[in-house]
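Biologist: Before we talk about any contact, could we look at the model together and ask what each term rests on?

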Amino acid sequence: MIEKAKAIDLLVVGAGPAGLAAAIAAKKAGVMDLMVLEREEEPGGILNQCIHNGFGLHRFREELTGPEYAQRDIREARDLGIPVRCGTMVLDITPDKEVTLVSREKGLEIFRARAVILAMGCRERPRGALAIPGTRPAGVFSAGTAQKIVNMMGYMPGHDVVILGSGDIGLIMARRMTLQGAKVRACVELMPYSSGLNRNIVQCLDDYEIPLMLSHTVIDVKGRGRVESVTIARVGEDRLPIPGTEQEIPCDTLLLSVGLIPENELSLGIGVTISATTQGPVVDNRFQTNVPGVFACGNVLHVHDLVDFVSAESTQAGEAAARYLGGYEDTGATEVRVVDGPGIRGTVPQRLLLPQGEIGEGLEMMFRPDRVYNNCFLTIKAGEAVLVSQRRRILTPGEMATAKLSPQLLETLRNEKELRLEITAEKQVS
Amino acid sequence: MQDVIIIGAGVVGCAIAQRLGRYSGKVLVLEAANDVSCGASKANSGIVHAGYDAVPGTDKARLNTKGARMMQGLCSSLGVPYGKPGALVLGFDADSKPALEALLKKAKKNGVPGCRIIGREEILAMEPRVNPEVSYALYVPESGLVSPYELTCALADSAAENGVQFQMNTRVKSLRREGDAWLVQTDRGDYTSRTVVNCAGVGAGELHNQISSRQVEIIPRRGQYYLLDHTLPLSFQMTLFQLPTPMGKGVLVTPTTHGNILFGPTAEDIPEGEDTATTHEGLQEVLKKVRLSYPGANTRTVITTFSGVRAHEKGGDFIIGAVEGAPEGAFEAIGIESPGLTAAPAIGEEMGDWVAYFLKLPANPRYIPPTPVPKAFSAMTEQERRVACQTDPDYGKVICRCETVTEAEVRRAVRRPVGARDIDGVKRRVRAGMGRCQGGFCMTRVMEIISEETGIPFEEVSKKGSDSAVLTGPIGEARND
Ligand SMILES: Cc1cc2nc3c(=O)[nH]c(=O)nc-3n(C[C@H](O)[C@H](O)[C@H](O)COP(=O)(O)OP(=O)(O)OC[C@H]3O[C@@H](n4cnc5c(N)ncnc54)[C@H](O)[C@@H]3O)c2cc1C
Ligand SMILES: Cc1cc2nc3c(=O)[nH]c(=O)nc-3n(C[C@H](O)[C@H](O)[C@H](O)COP(=O)(O)OP(=O)(O)OC[C@H]3O[C@@H](n4cnc5c(N)ncnc54)[C@H](O)[C@@H]3O)c2cc1C
């Protein structure tokens with residue numbers, strides 16, 4: 001017996017800050033028939049385990065903890081009557097938006113949605129992905145797993161810690177573990193710069209005298225049952241270990257904060273094109289993917305440092321989905337491709353659709369530089385023509401940067417095929 | 001007093017135990033690790049070798065082809081993943097042809113059907129990603145794949161259902177004949193038994209040499225691997241070997257039964273049989289050699305690296321049967337290097353029957369044939385999933401998101417006759433934590449379930465036994481900033 005798929009206007013996958021903001025925006029824009037699906041037992045996403053503060057400075061002008069930030073969206077979604085179904089895992093989405101989900105309460109269900117917003121967040125890169133040689137004992141954790149163990153379960157994953165990678169979660173955990181009485185021996189970073197926010201380096205490492213060892217990596221793990229030591233070494237410009245610089249550090253725990261990967265397995269099933277640079281869907285300025293009616297926002301689209309920007313982006317995605325459901329079509333719109341020029345990695349959106357008629361609002365491009373640049377210029381070009389060349393005091397891969405395109409500037413793009421962002425040492429003029 | 005003590009719960013020990021389940025007798029398996037399948041049986045290439053490589057006339061050759069013939073039927077009765085995609089043995093220069101012809105001749109002598117030598121065009125038509133500089137290959141249609149740890153666990157369950165006892169965390173220190181019984185001394189006390197069967201993998205040589213007039217030398221030979229994520233479409237359907245060398249079968253590229261890709265193994269002789277570390281040099285070597293077969297090989301989708309240790313006996317053949325020059329009642333299956341996984345069903349059958357014959361054990365009147373391990377949720381059809389959720393709502397709760405493993409399956413992994421007692425044990429049985437995030441998300445939930453099901457306190461749940469606890473205790477009062 002084949003059961004019929006239930007029809008619904010909008011399904012949002014993931015009830016983290018992205019999914020919640022998108023659903024709230026869609027509902028406010030008039031989408032009545034919608035549902036948010038979340039596999040965890042509570043909404044809030046990764047914020048639930050981030051009990052430190054520093055969330056919401058941009059959006060609320062307040063310093064909130066992760067759960068406090070999430071709570072505001074959860075409450076608003078509830079007040080708006082948006083159904084958020086937890087304990088519900090989306091297993092599969094087909095190109096014609098048939099969504100298969102499973103839950104303990106209702107078993108397997110299939111919905112046919114008119115629009116889908118992907119907001120699945122990201123996962124951490126595990127040790128295996130780096131192929132760190134050595135034994136494979138207990139005591140190697142990704143920093144986010146350690147964060148969950150300490151903050152949500154109330155246990156210590158170890159007492160004598162080395163951290164590999166200086167991503168924000170690793171930095172936050174260096175402080176958290178120290179405050180819980182653990183000894184954090186070092187934070188070891190392969191690159192000559194940290195991938196974390198500067199404020200986290202100061203507040204989480206410097207304040208506790210934890211050395212940040214740039215241009216270093218872990219080359220061996222020892223210990224059969226439990227980690228007994230790790231060996232680190234300095235790396236050269238080729239990022240390969242320099243013989244003779246090895247140093248064995250006794251410890252019982254290795255935390256990894258070596259990158260986040262957008263969780264796009266579902267997206268691939270739909271046929272959504274994934275960018276090799278951002279590892280998230282390729283989207284247009286309405287956060288729509290190449291599959292009509294499928295939108296993406298938050299960490300599944302590109303990894304964010306600040307939740308405030310996740311919320312802002314996701315609000316736009318929710319509004320765009322509402323417009324799509326309202327029958328709005330970009331007929332006759334001009335399409336401009338956005339490409340990463342020298343110095344730029346992973347601009348979002350990757351496509352601009354310029355509507356016919358007057359362009360009412362500007363838009364914000366998000367990007368990361370490929371290394372640290374001081375006193376450089378962010379230059380935006382269409383063909384050889386320089387549209388903007390702005391001075392930037394500092395651009396670092398650890399902090400997502402933005403560039404505003406005004407309505408006037410967008411107007412000038414009507415006859416262009418391609419928009420290019422690049423970083424230049426000097427101010428550029430046409 | 002036991003009738004049989006089996007030392008070592010690898011695929012060989014478990015296959016023998018399972019066979020002995022057909023007889024009435026008291027059988028005990030002693031295993032040093034916290035679980036079955038913790039030695040070579042968990043870290044190998046998972047190939048069901050067709051049998052073209054072994055020297056004709058040896059036990060290795062005979063048991064290889066016999067085991068390969070038994071494998072598919074055994075796997076379907078146990079519910080263990082098995083596949084038969086075939087293999088290519090690749091040759092890259094003009095003189096590879098005679099070498100491949102010699103292999104073909106061996107294949108025929110060993111009774112391997114269907115092999116033939118094919119040229120470049122046919123090779124590239126079968127596997128377009130193979131190095132276009134390939135010249136010839138031996139095509140081996142009978143080459144198969146099996147999930148080695150799932151096979152070992154399922155054999156252990158079937159043995160246990162028929163009364164075989166398993167005792168983990170027990171390392172056999174010495175064997176001695178006392179009167180008409182064997183005294184088996186372990187780090188957890190002494191046992192007596194009418195017979196002993198030594199299948200202790202890399203640990204077998206030491207025990208053998210205590211009781212035999214013919215000394216053996218088991219050389220631990222390590223093999224390192226890269227494991228890649230299962231991404232569709234598969235980059236390879238078949239197993240790609242290179243021409244064998246005296247050190248082994250060379251570096252291969254193969255899909256696994258679950259659609260992941262393996263690159264490896266190396267072959268390095270190491271001093272210590274339990275040293276399963278990977279090394280930078282070893283992994284580099286794998287990558288370099290694999291590129292000969294598959295120039296496009298890269299590590300972008302690598303999810304883990306691992307190594308296993310072969311128990312290579314200097315003489316080169318398997319040593320099976322009654323222990324030479326030992327008092328009666330001592331049996332062994334040692335030096336079981338590759339293709340030992342393939343041969344295991346045949347070794348189990350022969351050794352089990354031998355020991356039973358020696359003891360004159362009657363047939364087990366209440367023998368329970370294997371109950372197949374239920375189909376994984378991830379492999380079910382939509383309708384099967386619906387039904388599964390209706391019968392057990394725990395199927396509705398996905399624990400491991402990468403491999404889509406449900407709570408029902410994790411619980412069953414612990415409840416099975418020889419159930420998982422640690423995180424790696426759950427992983428080997430139902431794949432929770434085997435995927436691209438390597439347990440980052442599901443580990444703590446798996447720990448909770450192990451704790452609920454076994455009564456092991458949560459904070460004592462380990463990765464792989466006694467000295468591998470995951471947590472170091474509850475958090476205390478936090479210090480203030
Ligand atoms: C550990 C960590 C620490 C951070 N620290 C800070 C900080 O200090 N300050 C700051 O401003 N920002 C911080 N950030 C950044 C910011 O909080 C995140 O970028 C933001 O939470 C991302 O929101 P999201 O909704 O995209 O993803 P998530 O919060 O990850 O939410 C995604 C949700 O989707 C669900 N989901 C995924 N797949 C499925 C499926 N198939 N079916 C059902 N549900 C599914 C997941 O369970 C999850 O709840 C941090 C991020 C992380 C990862
Ligand atoms: C790198 C590599 C690749 C391989 N590839 C293949 C392949 O593709 N196809 C194939 O057919 N075969 C392959 N093999 C061979 C196959 O894996 C082995 O032949 C097979 O697993 C051996 O099983 P076993 O039970 O003899 O040994 P193990 O699985 O090693 O089991 C021995 C057990 O004995 C226990 N033990 C040791 N000493 C003691 C003691 N004193 N007291 C109690 N317990 C003890 C150990 O803990 C262990 O669990 C490969 C092997 C390796 C290492």
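Modeller: What follows is a conversation about domains, interfaces and a ligand in a predicted model.

Biologist: How is chain B divided, and where do the bounds come from?

Modeller: The bounds come from an automatic or database domain assignment, and for chain B this gives domain 1 (1-81 + 145-217 + 314-373), domain 2 (82-144 + 220-307) and domain 3 (377-471). Taken over C-alpha atoms, the centres of domain 1 of chain B and domain 2 of chain B are separated by 28 Å.

Biologist: What makes domain 1 of chain B and domain 2 of chain B count as being in contact?

Modeller: Contact requires heavy atoms within 4.5 Å, and by that rule 29 residues of domain 1 of chain B are in contact with 34 residues of domain 2 of chain B. Put together, the two domains bury about 2500 Å², with 59% of that area on carbon and sulfur atoms. On the side of domain 1 of chain B, the residues that lose the most area to domain 2 of chain B are B:Tyr52, B:Asp53 and B:Leu145, which together make up 33% of what that side buries.

Biologist: Why is the pair B:Arg171 and B:Glu274 called a salt bridge?

Modeller: The rule asks for a side-chain nitrogen of Lys or Arg within 4 Å of a carboxyl oxygen of Asp or Glu. The closest N and O atoms of B:Arg171 and B:Glu274 are 3.1 Å apart, so the pair meets the rule. Between domain 1 of chain B and domain 2 of chain B the count is two salt bridges, and there are also nine residue pairs in polar contact, both residues being at pLDDT 80 or more.

Biologist: Which elements of domain 1 of chain B supply at least two residues to the side that touches domain 2 of chain B?

Modeller: Those elements are strand S3 (47-48), helix H2 (59-78) and strand S8 (144-146) of chain B. H2(B) gives the most, with five residues. By class, the residues on that side of domain 1 of chain B divide into 17 nonpolar, nine polar and three charged.

Biologist: How do you know which residues surround ligand 2?

Modeller: A residue is included if one of its heavy atoms lies within 4 Å of the ligand, and 37 residues surround ligand 2, the closest being B:Glu31, B:Ser41, B:Ile47, B:Ile336 and B:Thr342.

Biologist: What makes the approach of B:Ile336 to ligand 2 a polar contact?

Modeller: The cut-off is a pair of N or O atoms within 3.5 Å. A polar backbone atom of B:Ile336 is 2.6 Å from an oxygen atom of ligand 2, so the pair qualifies. A backbone N or O atom of B:Glu337 also qualifies, because it lies 3.4 Å from an oxygen atom of ligand 2. For B:Val172, a backbone N or O atom lies 2.9 Å from a nitrogen atom of ligand 2, and therefore this pair too is within the cut-off.

Biologist: How many residues of chain A and chain B take part in the contact between the chains, and what area do they bury?

Modeller: The contact takes 51 residues from chain A and 58 residues from chain B. Chain A and chain B bury about 4500 Å² between them, of which 54% is on carbon and sulfur atoms. Of the area that chain A buries against chain B, A:Arg104, A:Arg136 and A:Tyr155 supply 17%, more than any other three residues.

Biologist: Why is the pair B:Glu272 and A:Arg224 called a salt bridge?

Modeller: The closest N and O atoms of B:Glu272 and A:Arg224 are 3.1 Å apart, and because the limit is 4 Å the pair qualifies. Between chain A and chain B the count is seven salt bridges, and the rule also finds 25 residue pairs in polar contact across this interface, both residues being at pLDDT 80 or more.

Biologist: What is found between domain 1 of chain A and domain 2 of chain A?

Modeller: Nine residues of domain 1 of chain A are in contact with 11 residues of domain 2 of chain A, and the area buried between the two domains is about 830 Å². The count there is zero salt bridges, together with four residue pairs in polar contact, both at pLDDT 80 or more.

Conventions: Residues are numbered from 1 along each chain as its sequence is written. Chains are lettered from A and ligands numbered from 1 in the order in which they are written. This is a predicted model: local features need pLDDT of at least 70, side-chain atom pairs count only at pLDDT 80 or more; totals for chains, interfaces and linings use all residues. Side-chain values use heavy atoms; hydrogens and water are left out. Buried area is the accessible area (1.4 Å probe) that two parts lose on being put together, summed over both. A polar contact is a pair of N or O atoms within 3.5 Å; within protein, one must be able to donate a hydrogen and the other to accept it, and residues adjacent in sequence count only if both atoms are side-chain atoms. Helices (H or I, at least four residues) and strands (E, at least two) are DSSP runs, numbered from the N terminus. Ala, Val, Leu, Ile, Met, Phe, Trp, Tyr, Cys and Pro count as nonpolar, Asp, Glu, Lys and Arg as charged, and the others, Gly among them, as polar.
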